[in-house]
Amino acid sequence: LLSGERVLVSTATRALQDQLYGRDLPRLLQALALPLRAALLKGRASYLCRHRLELARQEDGAHQGGAYAADLARIELWALATRTGDLAEIPGLDERSPVAARVTSTRDNCLGQDCPHFRQCHVYQARREALAADVVVINHHLFLADLAVREAGVAALLPSAGVVVFDEAHRLADTATEFFGVQWSTGQLLDLAQDMLAAGADRRIFFRLGQ
């Protein structure tokens with residue numbers, strides 16, 4: 001914090017991000033009397049997409065009931081007042097809820113500047129705040145996702161920084177393996193073998209027909 005550089009603080013989970021940003025970091029900045037701006041930045045799966053919320057309301061509202069309908073109603077009510085769009089603000093909402101996946105975006109389904117709600121987009125708002133901050137609290141998944149897109153020549157997800165601090169650093173290797181490693185399971189190998197047998201059978205039939 002005293003270096004004069006922009007600082008990224010990366011931790012293992014979104015819950016730890018909330019703790020660092022909401023409790024630990026403000027106390028530290030106050031104790032050191034540092035007028036630094038802090039920002040919290042998570043992956044896009046943590047932020048409400050207003051466009052997809054509309055789609056969920058239109059497509060799913062009449063076909064789902066029970067817990068799904070209750071979660072959707074809670075999100076709709078919360079969406080009227082939230083400033084950040086961070087789903088972690090909703091008490092008791094399970095991040096594994098199927099509704100959460102329906103009302104958030106991915107790189108593939110995001111409309112970008114073509115979205116009718118682009119100016120109110122919570123993802124881009126959080127990224128703008130991170131660009132203007134001196135200290136940005138992120139998580140390991142987001143840090144490694146940024147490295148991955150940079151290697152692919154895609155626009156970076158994170159602002160440049162002179163200092164990076166890894167909290168829960170022992171979790172970093174496992175997370176990095178998810179992004180940059182290649183994993184094979186017995187099931188995948190069996191599926192591959194079946195596909196190869198099927199392809200071989202098709203080739204034999206083709207040659208027999210040719211004869």
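Predicted model: local features only at pLDDT ≥ 70, side-chain atom pairs only at ≥ 80, totals over all residues.

Residues are numbered from 1 along each chain as its sequence is written, and side-chain values use heavy atoms, with hydrogens and water left out.

The largest pocket has a volume of about 710 Å³. A pocket here is an open set of points on a 1 Å grid over the protein atoms alone, with protein on both sides within 12 Å along at least five of seven lines; lining residues have an atom within 4 Å of a point. A volume is the space filled by probe spheres set on the points, which are joined across faces, edges and corners. The lining of the largest pocket comprises 32 residues, and Arg14, Lys42, Gly43, Ala45 and Ser46 lie nearest its centre. Helices H1 (14-32), H4 (98-102), H5 (122-132) and H6 (140-151) each give two or more residues to this lining; H6 gives the most, with four. Helices (H or I, at least four residues) and strands (E, at least two) are DSSP runs numbered from the N terminus.

H1 has 19 residues and spans 26 Å from first C-alpha to last, close to the expected 27 Å, the expected span being 1.5 Å times one less than the number of residues. A kink of about 40° in H1 is centred on Leu20; the bend at a residue is the angle between axes fitted to the seven residues ending there and the seven starting there. Leu20 is also buried, as are Gln17, Leu25 and Leu29, where buried means under 20% relative accessible area with a 1.4 Å probe, protein chains only. Strands E1 (7-11), E2 (38-40) and E3 (135-139) are among the elements that cover the buried residues of H1. After H1 comes Ala33, with a positive phi near 55°.

H6 has 12 residues and reaches 17 Å between its end C-alphas, close to the 16 Å expected. Its buried residues include His140, Phe143 and Asp146. The buried residues of H6 pack against E1, E3, strand E4 (163-166) and helix H7 (172-180), with contact meaning heavy atoms within 4.5 Å.

The structure also holds one cavity of 30 Å³ or more, a cavity being a set of points where a 1.4 Å probe fits but cannot get out. The largest cavity has a volume of about 160 Å³. Of its 18 lining residues, Cys49, Arg50, Cys110, Cys115 and Cys121 are closest to the centre.

Methods
Buried < 20%, exposed > 50% of the residue type's maximum accessible area, 1.4 Å probe, protein only.
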